[in-house]
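Welcome! Take a moment to turn the structure around before reading on, and keep the sequence beside you.

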Amino acid sequence: GELGVTNSLAQLVLLVSAVAGGYLADAWGRRLTTNVFDALSWALPALLLAVAPNKWFGAAALLFFGFNMAANISYNCLLVEKNPASRRADVYTVLQIVNMMPSILFLPFLAGWWVDRAGLDQAARWMYGIFFVLVVIGIYSRWRYLEDDRPKIHRPRKPWRVQVFREMCVYRNALKGFFARPASKAMFFSRLIDEWMMAFWFLYLPLYMVRELGLPDGSLAKVNQAAVYVGAF
């Protein structure tokens, strides 16, 4: 039950960070925005989970992960703006394959073996610690090799409250245009159902498989290994 409450609060953080991320991607540039919010949403949660003495560190990690949406906006801007329209489908296909590559290389099997040997607590802490180090290396690499796209000339910007109001007006007009199209309501509510299903699935499926179906902790990763190849295909 506490997982559900914490995840709901994290969704509110996602909503706020989406608005802030679009604004800051223009104000700070894509590289800085991506790195700052990647540090908040990936590196910091991994560190918190690696050293967590109690559940509150885990809840904090989940809330900080909500800042991922801000990084996601600037990251996708980089992918879209740096590639011609004719190549973007290929770029996103390669991106998905790269994201799945660790799982394709049998790392879920390795994680399951580690959990079986060392126990869930110790293995998870070490894996989050390694993940923290890898994320820091990734952020450093982006900072070094991506071009600095911060605005070169300071331009007066509207106050934050004015900017938020303008964005909300744009959002409202976009919703009006969306719902004016045929079948838009069906699409909208099917998307709500889909999001609810995914939130339920990721939160409670592991608990259900372990507590109710009796699956050993380490076998969760091994089950995921087969699904990875379906996704890669």
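How many aromatic pairs does the count come to? By the rule used here, the count comes to 10 aromatic pairs. The rule says that rings of Phe, Tyr and Trp (its six-membered ring) pair if their centres lie within 6.5 Å; planes under 30 degrees apart count as stacked, over 60 as edge-to-face and the rest as tilted.

## Before we start

This is a predicted model, in which local features need pLDDT of at least 70 and side-chain atom pairs count only at pLDDT 80 or more, while totals for chains, interfaces and linings use all residues. Residues are numbered from 1 along each chain as its sequence is written, and side-chain values use heavy atoms, with hydrogens and water left out.

## Looking at the rings

A pair of aromatic rings is described by the distance of the centres and the angle of the planes. Take F179 and F188: their ring centres are 5.1 Å apart and their planes are at 70 degrees, so this pair is edge-to-face. F179 counts as partly exposed because its relative accessibility is 27%. F188 is partly exposed too, with a relative accessible area of 30%. Here, buried means under 20% relative accessible area, exposed over 50%, and partly exposed in between (1.4 Å probe, protein chains only).

Now compare F200 and Y204, whose ring centres are 5.6 Å apart with planes at 50 degrees, so the pair is tilted. These two residues are four apart in helix α9, so about one helical turn separates them. F200 is partly exposed at 46% relative accessibility, and Y204 is partly exposed at 27%. Elsewhere, ring pairs link W28, F37, F64 and F67 into a cluster. A charge can also meet a ring: R31 lies over the face of W143, at 3.9 Å from the ring centre. To count, NZ of Lys or CZ of Arg must be within 6 Å of the ring centre and within 35 degrees of the ring normal.

## The whole chain

What does the secondary structure of the protein chain come to? There are 10 helices and zero strands, and from the N terminus on the elements run α-α-α-α-α-α-α-α-α-α. Helices (H or I, at least four residues) and strands (E, at least two) are DSSP runs, numbered from the N terminus. Along the principal axes, the C-alpha atoms fill a box of roughly 60 × 45 × 40 Å.

Of the 233 residues of the protein chain, 23% count as buried. The accessible surface of the chain comes to about 16,000 Å², and 70% of that belongs to carbon and sulfur atoms. These areas come from the Shrake-Rupley method with a 1.4 Å probe; for residues, only the protein chains shown count as cover. Contacts, meaning heavy atoms within 4.5 Å, tell you about the fold as well: among those between residues at least 6 apart in sequence, 73% join residues at least 24 apart.

Let's visit some single residues. S184 belongs to helix α9 (residues 184-212). Is S184 buried or exposed? S184 is buried, because its relative accessible area is 5%. Not counting residues up to four places away in sequence, S184 touches F178 and F179.

N68 lies in helix α4 (residues 68-81) and counts as buried at 18% relative accessibility. Setting aside residues up to four places away in sequence, N68 touches S41 and W42. L24 sits in helix α1 (residues 2-28) and is buried, with a relative accessible area of 13%. Beyond its neighbours within four places in sequence, L24 is in contact with G29, T33 and F37.

## Two loop residues

A183 lies in the loop between α8 (160-179) and α9. A183 has a positive phi of about 65 degrees although it is not a glycine, and it counts as exposed at 60% relative accessibility.

K82 is found in the loop between α4 and α5 (88-104), where it is partly exposed at 48% relative accessibility. Leaving aside neighbours within four places in sequence, K82 is in contact with C77 and E147. How far apart in space are K82 and N173? From C-alpha to C-alpha they are 29 Å apart, and in sequence they are 91 residues apart.
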